[in-house]
Amino acid sequence: MTSVAGWVAASTPGAFPPLPRAVAQSFYRRMRAVAPAAVGAIERDRAGDPEQSFPDTACGRLAGSLDDAGLRALGMWTHHWCMRFYDDDTRVGRRLVREIAARPGLGWTADEVRWMLRESVSAGPAAADRFTLPHAAAAQLPPADRPALGHRPEVEVPRQRRPGQSG
């Protein structure tokens, strides 16, 4: 199991500039708003059929009920949760991350992408899916706002779906 240091990972020097404390705190505040529903959905899906189509799962229904800002917060929370508690039990969370990563036009900010990248680097190689969401989110930024990703493991970025297309 791999764990990152939360705020310490968000504010220490490294490949990505530290985020101002107010910015990081706003991310945590938004993530805390979706966390209870996300935990419940993940727990229900763990007990459910792993072959069920995503829109029919508790996580799929939760994702479908959120606007873009809520979906970004859910993606960031799930990414954060998967990076902190990465093991075989994160299968449902990793599926949720992949589904969110495949959604176009969520309006990611450069700060959100940098925060997720910093978390991904801190998690280390044990977390194989650690770059899925930050790379997909970075691809949605205007070229001038994309963080330099430097040396990173190659990952397959999920094909982005057209609006209204289900998975």
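User: Hi! Before we look around, what counts as a salt bridge here?
Analyst: A salt bridge is a side-chain nitrogen of Lys or Arg within 4 Å of a carboxyl oxygen of Asp or Glu. One case is Glu43 with Arg46, whose closest N and O atoms are 2.6 Å apart. Please keep in mind that this is a predicted model.

User: Where do Glu43 and Arg46 sit relative to each other in helix 2?
Analyst: They are three residues apart in helix 2, so about one helical turn separates them.

User: How many salt bridges does the structure hold?
Analyst: There are four. Another of them joins Glu112 to Arg30, with 3.0 Å between the closest N and O atoms. That pair links distant parts of the chain, since Glu112 belongs to helix 6 and Arg30 to helix 2, 82 residues apart.

User: What about Glu112, buried or exposed?
Analyst: Glu112 is buried, with a relative accessible area of 2%.

User: OK, new topic. What can you tell me about helix 4?
Analyst: Helix 4 covers residues 68-84, which makes 17 residues. From first C-alpha to last, helix 4 reaches 24 Å, close to the 24 Å expected at 1.5 Å a residue. The helix is mostly covered, with 14 of its 17 residues buried.

User: Which residue caps its N-terminal end?
Analyst: Asp67 does that. One of its side-chain oxygens lies 3.3 Å from the backbone nitrogen of Ala69.

User: And the nonpolar core, how many residues are in the largest one?
Analyst: The largest nonpolar core has 42 residues. Those with the most contacts inside it are Leu74, Trp77, Ile100, Trp108 and Trp115. Among the elements giving two or more residues to this core are helix 3 (58-65), helix 4 and helix 5 (91-101).

User: Which helix gives the most?
Analyst: Helix 2 does, with nine residues.

User: I see Trp there a few times. How many aromatic pairs does the structure hold?
Analyst: Three. In one of them, the ring centres of Tyr28 and Trp115 are 5.8 Å apart and the planes stand at 85°, so the pair is edge-to-face. Tyr28 is in helix 2 and Trp115 in helix 6, so the pair ties together parts that are 87 residues apart in sequence.

User: Are Tyr28 and Trp115 buried or exposed?
Analyst: Tyr28 is buried, with a relative accessible area of 13%. Trp115 is buried as well, at 1%.

User: What about Trp77 and Trp81, stacked or edge-to-face?
Analyst: That pair is stacked, because the planes are at 15°, with ring centres 6.0 Å apart. Trp77 and Trp81 are four residues apart in helix 4, so about one helical turn lies between them. Both of these Trp residues are buried.

User: Last one: which residues do ring pairs link into a cluster?
Analyst: Phe27, Tyr28 and Trp115 form that cluster.

Definitions and conventions. Residues numbered from 1 in each chain as written. Predicted model: local features only at pLDDT ≥ 70, side-chain atom pairs only at ≥ 80, totals over all residues. Heavy atoms only, no water. Expected span 1.5 Å × (residues − 1). Buried < 20%, exposed > 50% of the residue type's maximum accessible area, 1.4 Å probe, protein only. Polar contact = N/O pair within 3.5 Å; in protein donor to acceptor, adjacent residues only side chain to side chain. Core = buried A, V, L, I, M, F, W, Y, C linked by side-chain atoms within 4.5 Å. Phe/Tyr/Trp six-rings, centres within 6.5 Å; stacked < 30°, edge-to-face > 60°.
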